[in-house]
Amino acid sequence: MSLVDRLRSRFARPPEPVRTAVGAAGDPDERVLAWGALTGDAGWLVATSRGLRSVAATRGEATTLLPWHEVGHARWSAEAGGGGTFAITPLEEVEPGVQARLPERRYVLSEAGDLPAQLRRRVDQTVVASKRSPLPTGGGVVLVARRIPGQPAREWTVVFDDDADRQDPQAREVARQKLAELVAAEQPG
């Protein structure tokens, strides 16, 4: 992509179906930050101030919002010509303070524009701290503190590498202790 094309895409207005779909989502403060065209004229993948949406080309309807703090992992594989593939792993709260990884979602884009950089920046802004710890079962756990919009305090969560470890009482106790240690360490003395 040439410099002129990059500047043009940066200052371009979102396509009408994208503006309409995000506007119809019902949040007057949600705004479009970046978008990329999905292959096969399937629509767009859209980064908004609230999270990630896909918008269908035919009906201009937005999918359910994936808030930035619920993106567990996002990998961008660029291809020649400005397109590429996003592999995004959403997180779901399965119990208070415990999140599980949902199946990976793949989005193939013919044109990505500023979407990869915007997605990375938004997800990175939500993560305050992250620490990986081993478990006695041989697996591991990631302890993550995230900023969540509308909440003054950051929220700590545990994400087990393997869902089976989440069911193991010993692994759960170790994860709980490690999380308690991290939270205690950040409390003012």
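Which side chains meet in a salt bridge at 2.2 Å, N to O? I looked this up before anything else. The pair is glutamate 16 and arginine 19. I note that the model is a predicted one.

**Entry: the pair in H2**

I checked where the two residues sit. Both are in helix H2, residues 16-24, and because they are three residues apart, about one helical turn separates them. Glutamate 16 is partly exposed, at 45% relative accessible area. Arginine 19 is also partly exposed, at 28%.

**Entry: a pair across the chain**

Next I took glutamate 30 and arginine 53. Their side chains form a salt bridge at 3.0 Å, N to O.

I moved on to glutamate 173 and arginine 176. Their salt bridge has an N to O distance of 2.6 Å. Both residues lie in helix H5, three residues apart, about one turn of the helix. Glutamate 173 is partly exposed at 32%. Arginine 176 is partly exposed at 49%. I also found a network: Asp27, Asp29 and Arg50 are joined by salt bridges that share partners. How many salt bridges does a search of the whole structure find? It finds twelve. As a general point, side chains of opposite charge can pair when their charged atoms come close.

**Entry: valine 174**

I stayed in H5, residues 169-186, for valine 174. I asked what valine 174 touches, leaving out residues up to four places away in sequence. The contacts are Pro134, Leu135 and Pro136. I also checked valine 174 against arginine 132. They are 42 residues apart in sequence and 13 Å apart in space, C-alpha to C-alpha.

**Entry: the nonpolar cores**

Which members of the largest nonpolar core touch the most other members? They are Leu45, Phe86, Ile88 and Leu109, out of 16 residues. Two or more core residues come from each of strand E1 (32-38), strand E2 (43-48), strand E6 (84-95), strand E8 (105-111) and helix H3 (115-126). H3 gives the most, with three residues.

I listed the contacts of phenylalanine 86, again leaving out residues up to four places away in sequence. Among them are Leu45, Trp76, Tyr107, Leu109 and Leu119. Phenylalanine 86 also touches arginines: Arg75, Arg105 and Arg106.

There is a second, separate core of eleven residues. Its members include Ala145, Val158, Ala171 and Ala175. In soluble globular proteins, nonpolar side chains tend to be buried together.

**Entry: the largest pocket**

Last, I looked for open space. The largest pocket has a volume of about 500 Å³. Its lining has 21 residues. Which of them lie nearest the centre? They are Val71, Gly72, His73, Ala74 and Val123. E5 (71-78), E6, H3, E9 (127-134) and E10 (140-146) each supply at least two lining residues. E5 gives the most, with six residues. By type, the lining divides into twelve nonpolar, four polar and five charged residues.

Technical notes:
Residues numbered from 1 in each chain as written. Predicted model: local features only at pLDDT ≥ 70, side-chain atom pairs only at ≥ 80, totals over all residues. Heavy atoms only, no water. Core = buried A, V, L, I, M, F, W, Y, C linked by side-chain atoms within 4.5 Å. Buried < 20%, exposed > 50% of the residue type's maximum accessible area, 1.4 Å probe, protein only. Helix = DSSP H or I, 4+ residues; strand = E, 2+ residues; numbered from the N terminus. Contact = heavy atoms within 4.5 Å. Salt bridge = Lys/Arg side-chain N within 4 Å of Asp/Glu carboxyl O. 1 Å grid on protein atoms, 1.4 Å probe; cavity = no way out; pocket = protein on both sides within 12 Å on 5 of 7 lines; lining within 4 Å. Points joined across faces, edges and corners; volume = space filled by probe spheres on them. Nonpolar A, V, L, I, M, F, W, Y, C, P; charged D, E, K, R; others polar.
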